[in-house]
Amino acid sequence: MSEENSAQETQEEQIEAVPDPAEAIRAEIRREYAGKLAQAEVKAQAAKAGIAIPEGFADYLDTSKLLGEDGQPPPRQ
């Protein structure tokens, strides 16, 4: 009986060790849209301050500098 339990636990550990391909896709989507969200936030803050950003200007911004280590924009303060 203990051999069966041991084999089942080993099999479960192997299943957990396999990376979920859906999670990789989710992470890529988060990275892609985090940059777009950062650009939108820059535009929103500029508009709030009464600054007109020329069309296409935000495309030149390095939005990775606007994101935290987790790839997400920092929380609004």
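1. A salt bridge here is a side-chain nitrogen of Lys or Arg within 4 Å of a carboxyl oxygen of Asp or Glu. By this rule the count comes to 2 salt bridges, and Glu 23, Arg 26 and Arg 30 are linked in a network of them.

2. The model is predicted, with local features needing pLDDT of at least 70 and side-chain atom pairs counting only at pLDDT 80 or more, while totals for chains, interfaces and linings use all residues. Residues are numbered from 1 along each chain as its sequence is written, and side-chain values use heavy atoms, with hydrogens and water left out.

3. Glu 23 pairs with Arg 26, the closest N and O atoms being 3.3 Å apart. The two residues are 3 apart in helix α2, so about one helical turn separates them. Helices (H or I, at least four residues) are DSSP runs, numbered from the N terminus.

4. Glu 23 also meets Arg 30 through their side chains, at 2.9 Å from N to O. In general, side chains of opposite charge can pair when their charged atoms come close.

5. Buried means under 20% relative accessible area, exposed over 50%, and partly exposed in between (1.4 Å probe, protein chains only).

6. Gln 39 lies in helix α2, which covers residues 21–48. Gln 39 is buried, with a relative accessible area of 18%. Leaving out residues up to four places away in sequence, Gln 39 touches Ala 58, Asp 59 and Thr 63, where contact means heavy atoms within 4.5 Å.
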